[in-house]
Amino acid sequence: MSIVLEAHGIRKQFPGVLANDDVSFDLKKGEIHVLLGENGAGKSTLMNVLYGLYKPDGGEIRVNGQAISMSSPRDAIEHGIGMVHQHFMLIPVFTVAENIMLGMESVRGLALDEKVVAERVRELSRDLGMELDPNAYVHDLSVGVQQRVEIVKALYRKAEILILDEPTAVLTPQEVEDLFKIMHDLTNRGVSIVFITHKLKEVLEVADRITVMRGGKVVGSTTPSEISEAELANLMVGREVSLTVDKAAAQPKETVLEVSNLRVLDNLGTVAVDDVSLTVQAGEILGIAGVQGNGQTELVRALTGLARVSGGSIRLDGQEVANASPRRITELGSAHIPEDRQKDGLVLPFPVMDNLVLNTYYLPPFSQGLVVHWDRALENANQRIEQFDIRTPSAMTHVGTLSGGNQQKVIVARELSRPIKLLIASQPTRGLDVGSIEYIHGQIIKRRDEGVAVLLVSTELDEVLQLSDRIAVMYRGKILAVVPAAEATKESIGLLMAGITEKKPA
Amino acid sequence: MSEEQGPKKTRSFKLPPQLVNTGLVPLLAVLTSMVVGGLIIAAAGGNPFAAYAGLFEGAFGSLNALSETTVWASPYIFAGLAVAVGFKGGLFNIGAEGQLAFGAVAAAWIGYALPGMLGADIPAVLHVILAVGGGMLAGGIWAAIPGFLKAYTGGHEVINTIMMNYIALNLTSFLLNGPMKDPNPMNVVARTPLIVESAHLPPVFPEFRFHWGFILAIGMAVLVWWLLWKTTLGFEIRTTGANLDAARYAGVNVKRTIIVTMLFSGILAGMAGAIEVTALNYRHELGFAVGYGFDAIAIALLGKNHPAGVVLASLLFAAMRNGATRMQFLTQIPVDVISVIQALILLFVAADTVVRYIYRIRSRDERFSLTRGWGK
Ligand SMILES: Nc1ncnc2c1ncn2[C@@H]1O[C@H](COP(=O)(O)OP(=O)(O)O)[C@@H](O)[C@H]1O
Ligand SMILES: [Mg+2]
């Protein structure tokens, strides 16, 4: 098979980080080449170089054997390279067809012939087996469908090389399966695909070849038949990692959180949390399993004061906190790792330093009243960066420029660095790489062992099973059952998650 | 990441890329506008070099010219700060114009009518403080109302501050033509009587119009900077402005913060009006201080919502306004060309992609953000 795309000795320096250090990579016609690496390994940087978005500081790029130089994605598109970014680049208020037309040169005069484009988009997407409505507005589409728009957009521009940057990070398992089908279909037509991920299971499922990056360098190249999941993990992280969690038996003590008959409405006014009662003891982890959208989000928001409670009671350390303000709940000793870290947990344009005092800026030692002592906040930030191994050029770096794993570490560092009685962790490792997951799991267990009551909410069943001491399954707003983790199996919890409660079939 | 020993590291608060964003891009926007403005002047048959020389002379050519430039600049600074504070808190206060008018009306009333109402003279210092303070309060309340509506009903502040502008400007017109009209039988103008001398903010030098208001304006810029970046309240305002959800998560009372931000913004706008009355005109007149509240939006944008930037942008706008007359006198190029240049500046600052493209400046972290990417 011929090599369609080749990068040789790519170097790319960012302020404080050498994101790509002498990286070489090649792609053969019709293959799926997985680029694996932890967050921050430099995968997106390499791909942005190949797509003409970043100018490399050194190295050479060849397409079909010919050395080329690119100054913008336009050049890449001309060479048949298409890319679907980790962060979408669609304009939400435009239709699918308009988004696909956007920035195209093949416009006759000024009259954009939208009808013609729409028709071709419809044909092309049908042909690829992923029916798109060209007249739908992008903001009305699910993430999975938006992703297809991006793929069709690239193919519409005659891309023969497709770069998919962490496409599965936000997809449901079913959407992931569909995407893999589309990818195989494309490779059968001769399209070559670079697929970026840090999820090990996916790698072995779809890859023809695998290249692993770490710390800006390529650390290995292999094929699925030559390597196991555990070996891949070690290669990616650079040390032995355990894909399982080691923990001692829980020593539960007094009740810290007591929820009775809780009712919460979602923003449309329908009942999202329906008569939920549960308790969490100091020194134990109660895991809440459930398919996304079964009321877990609203439950957590109510417990943390971010959503109105319409019935029932919440007692934290003996005090009633239903409809209390988030600040009061925090001050009573509750920590919250929010589900959507970028929306709720961080102020992206602010420095790491500010984000580390987001909810303690008004308390000693940072402030006694009106004035904030930023020198102390900086000192605090430098300590946390060291202690929690947050990879950032400095405490003054904007948090939005850090990788997802490091953003999450900022939140974890902030929430776990004050005296707490209760930790509410919602999807604490979503979208993170193996190393970060291992680290955050370790921190949660550590707090449990120190006597913190932990409420863990996760849609990853494996995560709930590994960490929890007791497991509650949420389905359509109700808690269907609470079982000791020792008695739970993937199958039994899986059935409950689907709403099936009968022990034996009739 | 090498191990850093201890927390004592260099405190590099401002990084070069930020300097590019907040310094270089606005500067290039101004330069580009001047060039385009020059082309327009040339196209109209004028000599752009002579025009700009005249402009410069009119703005900085003599002590008096300098003094006049600061006279123009002080309301720009107050009003520019007002808009910038709003922006920092995520609020677009288009209502500075109306808040400023009310500030002027209140200061004028306290200046000419209050001693009569009390039936006693007011000591000078106290009277000035009352007049300026009254103007600040009037502007503050006028802005706090849309703030309240935003916080408790979600009513958008852009719409509501525009509405409040209409009310304020028409009410001002009514007051100056009616109840507050200068009763002097010779007067046909919509204006208040002169304020009494005890309410005058005295000139710094008797021979120039340069007044304490300009110094107060610089002081306010420092105060705004301190408040926004050094206090808990400022942190709450900036956090609410940058990410409302995160502010709520962090326990900030966002409703209160929104109202306080608007109040503070309106206080600054009101101060702009009050200072014009107590330090310069000694009365309010319909047609005084018109357009400052709108120019302030351009100034805040050009100053990147930073107090220092607002001061610089105000000085620039003031110099252009002040120098324009001299330019017209020397070269017969109409002063309107200055409005065109100011509009161009605003355009280039608002659409800074254009400037970045012209000068090949990469965006701050080479990341595009048209949408929020993965998952909503
Ligand atoms: N535009 C940028 N400016 C500065 N640093 C960046 C930029 N993009 C990425 N980085 C840094 O370069 C490194 C590699 O990032 P990236 O290529 O996004 O990693 P990956 O995609 O493998 O998660 C990280 O340390 C990241 O913080
Ligand atoms: Mg990436």
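The model is predicted: local features need pLDDT of at least 70, side-chain atom pairs count only at pLDDT 80 or more, and totals for chains, interfaces and linings use all residues. Residues are numbered from 1 along each chain as its sequence is written, chains are lettered from A and ligands numbered from 1 in the order in which they are written, and side-chain values use heavy atoms, without hydrogens and water.

**Chain B**

Chain B holds 15 helices and zero strands; helices (H or I, at least four residues) and strands (E, at least two) are DSSP runs, numbered from the N terminus. Its C-alpha atoms fill a box of roughly 75 × 60 × 40 Å along the principal axes. Of the 376 residues of chain B, 52% are buried, meaning under 20% relative accessible area (1.4 Å probe, protein chains only). Among contacts (heavy atoms within 4.5 Å) in chain B between residues at least 6 apart in sequence, 75% join residues at least 24 apart.

**Strand 9 of chain A**

In strand 9 (residues 209-214) of chain A, five of the six residues are buried. The table gives its partners; strands pair if DSSP finds at least two bridges between them.

| Partner of strand 9, chain A | Bridges | Direction |
|---|---|---|
| Strand 3 (residues 32-37), chain A | five bridges | parallel |
| Strand 10 (residues 217-222), chain A | five bridges | antiparallel |

A:Arg209 of strand 9 stands opposite A:His33, and A:Ile210 has A:Thr222 in strand 10 as bridge partner. The hairpin of strands 9 and 10 of chain A has two residues between the strands, and A:Gly215 there takes a positive phi near 55°.

Key. Buried < 20%, exposed > 50% of the residue type's maximum accessible area, 1.4 Å probe, protein only.
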